[in-house]
Amino acid sequence: MNIMIPIFGFGKAGGYKVLTKLANYWKSQNHKVVFVVTTDNQKPYYNVDCEIVFLYKNKEEIPKSKYFLFIKNIIILTKYIKKHFKEYDVIMANWCFTAYPVWFASKTLNLYYIQAYEPEFFNETRNLLKKYIYKLLSWLTYYLPLIRVVNSDYYTKYKNITAKYVVYPGIDLNVFYPKKTMIKANNDIFKIGCIGRLEQWKGSQDVADAIGYLYNKGIKNIKFLVAFNRVNCSNYEVVYPDNDESLANFYRNLDILVAPGHIQLNAIHYPVIEAMAVKTPVITTGYYPANTSNAFIVPIKSPKNIAEKIEYLMQYYSDAVEKADKAYNEIQKFSWNVVGDNFLKIILQEKGRKQKTVKS
């Protein structure tokens, strides 16, 4: 099969990892996969083994205004899809603003891989007009006549999303493998970590505030590690993983990973499954597959509860080890082989159904 994945640019977020890993796996199964990219002419953060078509040939073609860039991206992507869709068996939208060009310009098998409920992502947009326009446009995409595939059972009937198919994101279990030892004594230095994100709803600052609470309480045997972005805290270390191997090492180096997002709980959150894969105990607000038997669940926006849970685990780390072992048993279903094959089965099923419809 020939598969097109249109995007506005490559990034470091987990959603881009999913797309590149799926594409690489499908290529390994002898399918042709092409990324069609508008804005970003730079090398992808995650390794891409597939063909990449950049629609801007040089930087001079890229509008400097973000508003005009957004409009032009949609226009040139729509034109490209309209011209080339016959060359592909499948075109997969994967973001709300790529869903419109796919719907409008393509008459092949059109999928919409939904990795999150995107209208809520614009809540922190300061410009009110822009905020509500973006929220409306993203909300409307869930009514477009595209075959919707969501990345967790949570989204099959979530607000105005209805979806028939579920395909989890995956992880490379050869990279995210378990740490060798988890033995800790109460007086050891405990390494507490989180993924630093700028969006408030990601909860990174909640972890920083929890650490500050522990410092103020006089607890000194803590080392706070934050990956990617800075937070507001008096004493911590920022690390910058530049690939999956270094990110996995970051998780393995931790004694506790805290993932306290505020929204869309019970969906899948990469830090949770990646930490579980390396057997690092997880404190979270409830992202799948975390539950009370394999992780430590805290309320949203509650640094004090996070601090109390960390303090408890520093005294009773054997409880953390027990839950981390149970969490690890949940991880095998996130193998890329399993995930990639499941997605291919959906594509082939829908392709067969479309062919029957055309013949009839």
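1. The side chain of Asn-294 reaches the backbone oxygen of Pro-289 at 3.0 Å and the backbone nitrogen of Asn-291 at 2.8 Å. A polar contact here is a pair of N or O atoms within 3.5 Å; within protein, one must be able to donate a hydrogen and the other to accept it, and residues adjacent in sequence count only if both atoms are side-chain atoms. Asn-294 is found in the loop between S14 and S15. With a relative accessibility of 3%, Asn-294 counts as buried (buried means under 20% relative accessible area, exposed over 50%, and partly exposed in between, with a 1.4 Å probe and protein chains only). Leaving aside neighbours within four places in sequence, Asn-294 is in contact with Met-276, Pro-289, Lys-323, Ala-324, Lys-326, Ala-327 and Glu-330, where contact means heavy atoms within 4.5 Å.

2. The model is predicted: local features need pLDDT of at least 70, side-chain atom pairs count only at pLDDT 80 or more, and totals for chains, interfaces and linings use all residues. Residues are numbered from 1 along each chain as its sequence is written, and side-chain values use heavy atoms, with hydrogens and water left out.

3. The bond from Tyr-288 to Pro-289 is cis, with omega near 5°. Pro-289 is placed in the loop between strand S14 (282-284) and strand S15 (296-297). Helices (H or I, at least four residues) and strands (E, at least two) are DSSP runs, numbered from the N terminus.

4. Two non-glycine residues with positive phi may be set side by side. Gln-264 has a phi of about 50° although it is not a glycine, and its place is in the loop between strand S13 (256-259) and helix H7 (270-277). Lys-301 has a positive phi of about 55°, likewise without being a glycine, and lies in the loop between S15 and helix H8 (303-315). Gln-264 is buried, at 6% relative accessible area, whereas Lys-301 counts as exposed, at 57%.

5. Gln-115 is found in the loop between strand S5 (109-114) and helix H4 (128-140). This residue is buried, with a relative accessible area of 18%. A polar atom of the Gln-115 side chain lies 3.4 Å from the backbone oxygen of Gly-15. Apart from neighbours within four places in sequence, the residues in contact with Gln-115 are Gly-15, Val-18, Leu-19, Asn-151 and Tyr-155. Gln-115 and Ala-267 are 152 residues apart in sequence and 9.0 Å apart in space, C-alpha to C-alpha.

6. On aromatic pairs, rings of Phe, Tyr and Trp (its six-membered ring) pair if their centres lie within 6.5 Å; planes under 30 degrees apart count as stacked, over 60 as edge-to-face and the rest as tilted. By this rule the count comes to 29 aromatic pairs. The rings of Phe-121 and Trp-201 have centres 4.9 Å apart and planes at 15°, so this pair is stacked. Because Phe-121 lies in the loop between S5 and H4 and Trp-201 in the loop between strand S10 (190-195) and helix H5 (204-216), the pair ties together parts that are 80 residues apart in sequence. Phe-121 is partly exposed, at 32% relative accessible area, while Trp-201 is buried, at 13%.

7. Trp-139 and Tyr-143 form an edge-to-face pair, 5.1 Å centre to centre with 70° between the planes. Trp-139 is partly exposed, with a relative accessible area of 34%. One aromatic cluster is formed by Phe-8, Phe-70, Trp-95, Phe-97, Phe-122 and Tyr-134.

8. The axes of helix H2 (residues 66-84) and helix H3 (residues 96-105) come within 9 Å and cross at roughly 35°. Axes are lines fitted to C-alpha atoms, for helices over the stretch in contact, and angles run from 0 to 180 degrees between N-to-C directions. In H2, Phe-70, Ile-74, Leu-77, Thr-78, Ile-81 and Lys-82 meet Phe-97, Thr-98, Pro-101, Val-102, Phe-104 and Ala-105 of H3. The residues of this contact divide into nine nonpolar, two polar and one charged.

Terms used
Ala, Val, Leu, Ile, Met, Phe, Trp, Tyr, Cys and Pro count as nonpolar, Asp, Glu, Lys and Arg as charged, and the others, Gly among them, as polar.
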